[in-house]
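User: I am new to this structure. Please show me how to read its features, one at a time.

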Amino acid sequence: MKPIIVIPARLASTRLPDKPLADIAGLPMIVHVLRRAEAAKVGPVLVACGDQKIADTVTAAGGRAVMTDPELPSGSDRVYAALESFDPAAEFDVVVNLQGDLPTIDPTVIDAVLKPLGDSSVDVATLVTEISDEAERYDPNAVKAVVGLAKGETVGRALYFSRATVPTGAGAHYHHIGIYAFRREALRRFVDLPESVLEKREKLEQLRALEAGMRIDVALVDTVPDGVDTPADLERARTILEN
C-alpha cells in the first residue's frame with residue numbers, strides 16, 4: 001500500500017462562509033488540518049482547492065495545493081481530480097479523503113482508517129465509534145453504520161449506513177465518521193457512478209458505493225473528531241486549540 005492524503009476544500013459554505021480560512025489560534029483552519037494530516041505520517045498531503053485563496057494560504061504555509069474545478073459536485077470528485085493532476089502515473093494506490101473542517105483531529109485517527117485495507121477484498125475503508133449518548137442514537141444528523149462487531153473486534157464489514165436508528169434490538173449502535181481511504185481504482189469507479197437511489201433518499205454518498213457492490217469495511221476508534229460547520233463549532237475549536 002502506498003497512500004496519499006487529499007483534503008478537499010472550498011469557500012462556498014452557507015452556514016460558515018470562508019470556513020477553510022477561519023482563524024483558529026493564529027492559523028487558518030485548513031492549515032491546522034494540513035498539519036494534523038502531516039503528523040499522521042501516512043504519506044504526502046495535498047489540499048484539493050476549489051478557490052485560489054485556499055491554494056495561496058496552503059502554499060504560504062509550506063503545503064502542497066492543487067487547484068480543481070470549483071464546480072465539481074462533491075469532495076470525492078475534488079479529491080480524485082487533485083490526485084489525477086498530482087500523480088498522473090498512479091504512483092499512489094490508496095487515497096485518504098480527509099475533510100478540511102477537522103482542525104482538532106487526532107493524527108492517530110487518520111492513520112486508523114487504513115487498517116481495513118489490509119484485506120485485499122476491501123474497496124473502501126472508513127471509521128466508526130460506538131454511540132454512548134442515548135440522544136445520538138435517534139439524531140438524524142448522527143449517521144449510523146450498520147456493522148456486526150463481536151466483542152473485541154475492531155474491524156468489520158459495513159452492511160448499510162443510515163440516519164435512522166439501525167439495527168433494531170438490543171446492542172451497540174455505531175456513529176459513522178466521514179473519513180475514507182479508497183483504493184485508487186475504487187475511487188475512480190465511485191466518481192464515475194451516477195447518484196444512486198438510496199444515496200438520494202438518505203443523502204449519504206457512501207450508499208452509492210454499497211449499491212454498486214463495492215465493499216466498505218470500518219475500523220473502530222474511540223472518539224468522534226469535532227467538525228466545524230457552524231459559528232458555535234468554530235468557537236469550540238478555538239477554545240480547544242488556544243488552550
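Analyst: Start with the surface. The accessible surface of the protein comes to about 11300 Å², and 50% of that belongs to carbon and sulfur atoms. Accessible areas come from the Shrake-Rupley method with a 1.4 Å probe, and for residues only the protein chains shown count as cover.

User: What kind of model is this, and how are residues numbered?

Analyst: This is a predicted model, where local features need pLDDT of at least 70, side-chain atom pairs count only at pLDDT 80 or more, and totals for chains, interfaces and linings use all residues. Residues are numbered from 1 along each chain as its sequence is written, and side-chain values use heavy atoms, with hydrogens and water left out.

User: How many helices and strands does the protein have?

Analyst: Helices (H or I, at least four residues) and strands (E, at least two) are DSSP runs, numbered from the N terminus. Here there are 9 helices and 11 strands.

User: How compact is the protein for its length?

Analyst: Compare the radius of gyration, taken over C-alpha atoms, with the globule rule: 2.2 Å times the number of residues to the power 0.38. The protein has a radius of gyration of 17 Å, close to the 18 Å that the rule gives for 243 residues, so it is as compact as a globular protein of that length. Along its principal axes, the C-alpha trace spans about 50 × 45 × 30 Å.

User: What share of the residues is buried?

Analyst: Buried means under 20% relative accessible area, exposed over 50%, and partly exposed in between (1.4 Å probe, protein chains only). In this protein, buried residues make up 50% of the 243 residues.

User: What do the contacts say about sequence distance?

Analyst: A contact means heavy atoms within 4.5 Å. Take the contacts in the protein with a separation of 6 or more: residues 24 or more positions apart account for 69% of them.

User: Where do the charges sit on average?

Analyst: Lys and Arg count as positive and Asp and Glu as negative, while His and the chain ends are not counted. The place of a charge is NZ of Lys, CZ of Arg, CG of Asp or CD of Glu. The mean positions of the 27 positive and 37 negative charges are 2 Å apart.

User: Now a helix. Which residues of helix 2 are buried?

Analyst: In helix 2 (residues 52-60), the buried residues are Ile54, Ala55, Thr57 and Val58. They cover an arc of only 165° around the axis, which puts them on the same side of helix 2. That arc is taken from the directions from the helix axis to the C-beta atoms. On the other side of helix 2, Lys53 and Ala60 are exposed.

User: What covers the buried residues of helix 2?

Analyst: The cover includes strand 1 (3-9), strand 3 (27-28), helix 1 (29-39), strand 4 (45-49) and strand 5 (64-67). Helix 1 has buried residues too: Met29, Ile30, Val31, His32, Val33, Leu34 and Ala37.

User: How does helix 6 read?

Analyst: In helix 6, Arg184, Ala186, Leu187, Phe190 and Val191 are buried. They cover an arc of only 155° around the axis, which puts them on the same side of helix 6. These buried residues pack against helix 3 (75-86), strand 6 (94-97), strand 10 and helix 8.

User: Is Arg184 buried or exposed?

Analyst: Arg184 counts as buried, at 10% relative accessibility. Arg184 lies in helix 6 (residues 184-192). Beyond residues up to four places away in sequence, Arg184 touches Leu83, Glu84, Asp87, Ala90, Glu91, Phe92, Asp93 and Val94.

User: Where is Phe182, and what does Phe182 touch?

Analyst: Phe182 is in strand 10. Phe182 is buried, with a relative accessible area of 4%. Not counting residues up to four places away in sequence, Phe182 touches Asp93, Val94, Val95, Asp123, Val124, Leu187 and Phe190.

User: Which backbone angles deserve a look?

Analyst: Lys41, in the loop between helix 1 and strand 4, has a positive phi near 55° in a residue other than glycine. Lys41 is exposed, at 72% relative accessibility. Lys203 has a positive phi near 60° and lies in the loop between helix 7 (197-202) and helix 8 (206-211). Lys203 is exposed, with a relative accessible area of 65%.

User: Where is the cis peptide bond?

Analyst: The bond from Val166 to Pro167 is cis, with omega near -5°. Pro167 is in the loop between strand 9 (155-162) and strand 10 (174-183).
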